[in-house]
Amino acid sequence: MTTRWHTLRWRVLVSVTILLSLSLTQVTEGFPFVFNTNRKVINWTVPEDNWEIHSVPRSITPHVELKKYPNRTNPDPGQSDEEFLARLRNLKRNDTMARMLWYDTTPDGLSYPPFVDKALKLFNLKQVAFEIENSVMSKVSCTACKAGAGLLQHYIRAGKTKGEIIKLIYEFCVNLNIQSPRVCEGVSTLFGSEVIYVLQRVNLGPDEICSFVIGDACGDVYNPYHEWEVIFPPVPKPPVAELSMPKEAAPFFKVLHISDTHYDPHYVEGSNANCNEPLCCRLSSGRPSNPNDAAGKWGDYRKCDTPKRTVDNMLEHIADTHKDIDYILWTGDLPPHDVWNQTKEENLEIIKETVRQMSEKFPGVPIFPALGNHESAPVNSFPPPYVNQVDISIAWLYDELDVQWRRWLPQSVSHTVRRGAFYSVLVRPGFRIISLNMNYCNNKNWWLLLNSTDPATELQWFIYELQSAEFSNEKVHVIGHIPPGHPDCLKVWSRNFYRIISRYESTITAQFYGHTHFDEFEMFYDPHDLSHPTSIAYIGPSVSPYYDLNPGYRIYYVDGDHDTTTRLVVDHESWIMNLKEANLYDYPIWYKLYTTRAAYNMKALRPVDWSNLIDEMADNQELFDLYYKNYWKNSPIRPVCDAECRKRMLCDCKSGRSHDRKHFCQDVEAKVDDGSSKSWKSWLYRGLTNSYVQLLA
């Protein structure tokens, strides 16, 4: 499984342009889909960027003073508090509350004009929408992308104004019931201007554009404008020593990881949770058609984000339950999913409000934030520094982040935060945290079509920081939002990042991301020796239940300050709130879902241990089922996972490099296929044996 959100822009623009192109053939007497992709409308070149990495101030003084917790004990390896929940389930059911929990997911039927039916059969628009939402692309989505990009380029070259193109997109979006009129209007206005601006300035055809954005599913089209490699210093990689097991009873850091809050200030209990828009549970969603469609008090499993009361309750629970937190990792995505209706001002207000919440609930606790893809307006829009016009520059966001993050970060990071929302902080002697802006690998960030070569010089700066850390014998934790192996990350960016991780595997001891909303992990291997795991990326669960999920967060125990510290994650716990129970009893309970080493019988959490776990899950169906339950945060409405689903999920775990699944996944897929074959043969043998015995009886 992969993510199913923040894809509204693609869904509308691609779908609309496909249908536009098909309808156009009927009114232009067979318009030939031939586009002059070599003709430039605007002579545009990338402005020079003279940023000097060596001149940037560095954090060289330890930033965190550890507090003393005399009653602190080692991590509890116990299991979850299922017994307590079981007692609640035995209470008398309240039907008036239960109405918020059960619902009919069958969508209403849609009728289309005859030519649209023809278009749907030809392009299989539903499959396109499914693939885009799940970030699992095929040739169907590739064809749709090429048709849409080609048509937009045709209109641009034909001299259509921006207003005319946006109006056409809006009209077809409404007429074909792709979204509600207000969603169509918001998306076409917010995203249309940006896409047109970029397409006016690129010298790429639909093949290059779609291969760049979609990846391998759209062919590996060579594109010299988007082929680049970072430069490593002339320092040989030090010999890699085998990682030792962390010492038992050694000092540790207790670390909270919060991600994807998606706080919705307009959430309303009892509003329609089953609306026909990308985000529901608001007054604007209308009244529910029946009691089952009413939004729950503490949230909803359908396409709804997090109410303020749930965020407050979670933070109060964490502050009361985990009084000995040493620092917090906060990996982004604060605003809700109403991406058609967002403004810069509203997103900034949500950022400020959430920062205030965190500061009030955790006074004196250092917080290390990373930027999500939803913080910008429009979503996914992160122009590189050379795009400095006032109306389209990203300075409105980065400057405010510098102001807000300054509550927790040293002044030395201000320069890089304002440039690209990334920074490096020395946390303790010999231990550093580097926060990356992963939106510069986001393939839904249209600005990267102009020039994807190391946007904001972030990766080259990253190498400089890692090399300096290596010289200083520091260990590094990397935090960000989009996991580098996720399909949302550009192939060329991810490939370069993967090389960096391999080169500095002795320095980087853990990575932490969010974005997917699931509870999972991602592996990195030596590019020249796939039997040698180099790093582990922890992907934290979302606070938002969007969608079909329980809210959750993680606690990590990191090897602390002592002479032989590894700075590895020693263990971690995932905590959730059962949303169904919370709405049923009007009493949210946060409980520990699992502790990793106890749940998966792991001796340690080194990269080799995680790699071994993947192999074990390929052979052991029961172990995989446990991982699948935790992956979905024990959601009561999680779908069944068949053999193909199992292969996809294990491949996701193995792929720290995006759009390269064939390279990493053949062995684990073969194991699953072999196991499925054995299981089928065993079932058939048992069935025939039982039948034979019954005949003899």
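Student: In this predicted model, how do helices H18 and H20 pack, and at what angle?

Tutor: H18 (residues 607-619) and H20 (residues 643-654) pack at about 170°, and their axes are 10 Å apart.

Student: What makes H18 and H20 roughly antiparallel?

Tutor: Angles over 145 degrees count as roughly antiparallel. The H18-H20 angle is about 170°. H18 and H20 are therefore roughly antiparallel to each other.

Student: Which residues of H18 and H20 meet?

Tutor: H18 brings Ile614, Asp615, Met617, Ala618 and Asp619. From H20 come Arg646, Leu650, Cys653 and Lys654.

Student: Why is Leu401 called buried?

Tutor: Buried means under 20% relative accessible area. Leu401 has 2%, so the label applies. Leu401 sits in helix H12 (residues 395-405).

Student: What is Leu401 in contact with, leaving aside neighbours within four places in sequence?

Tutor: Leu401 contacts Ile351, Leu371, Arg406, Val417 and Ala421. Ile351 is 50 residues away along the chain, yet the two C-alpha atoms are separated by 8.4 Å.

Student: Is Ser259 buried or exposed, and how do you know?

Tutor: Ser259 has 0% relative accessibility. The cut-off is under 20%, so Ser259 counts as buried. Ser259 is in the loop between strand E1 (252-258) and helix H10 (308-321). Not counting residues up to four places away in sequence, Ser259 touches Thr331, Gly332, Gly514, His515, Pro541, Ser542 and Val543.

Student: Which residues touch the most other members of the largest nonpolar core?

Tutor: Phe368, Leu397, Phe462, Trp493 and Phe521 do, in a core of 163 residues. Helix H6 (residues 139-157) gives the most to this core, with seven residues.

Student: How do you know that this core lies between domain 1 and domain 2?

Tutor: Domain 1 (111-218) and domain 2 (253-675) both give residues to the core, so the core lies between them. Apart from it lies another core, of nine residues, including Val187, Leu279, Val339 and Tyr547.

Student: Tyr547 also takes part in a peptide bond with Tyr546. What kind of bond is that?

Tutor: The bond is cis, with omega about -20°. Tyr547 lies in the loop between strand E9 (529-539) and strand E10 (552-559). A cis bond also joins Ala377 and Pro378, where omega is about 5°. Pro378 lies in the loop between E3 and H12.

Student: Why do Arg567 and His659 count as buried?

Tutor: Arg567 is at 4% relative accessibility, so Arg567 counts as buried. His659 is at 14%, so His659 counts as buried too. Arg567 is in the loop between E10 and strand E11 (569-577). His659 is in the loop between H20 and helix H21 (661-696).

Terms used
Residues are numbered from 1 along each chain as its sequence is written. This is a predicted model: local features need pLDDT of at least 70, side-chain atom pairs count only at pLDDT 80 or more; totals for chains, interfaces and linings use all residues. Side-chain values use heavy atoms; hydrogens and water are left out. A nonpolar core is a set of buried Ala, Val, Leu, Ile, Met, Phe, Trp, Tyr and Cys residues joined through side-chain atoms within 4.5 Å. Buried means under 20% relative accessible area, exposed over 50%, partly exposed in between (1.4 Å probe, protein chains only). Helices (H or I, at least four residues) and strands (E, at least two) are DSSP runs, numbered from the N terminus. Domain bounds come from an automatic or database domain assignment. Axes are lines fitted to C-alpha atoms, for helices over the stretch in contact, and angles run from 0 to 180 degrees between N-to-C directions. Angles under 35 degrees count as roughly parallel, over 145 as roughly antiparallel, 65 to 115 as roughly perpendicular and the rest as oblique. Contact means heavy atoms within 4.5 Å.
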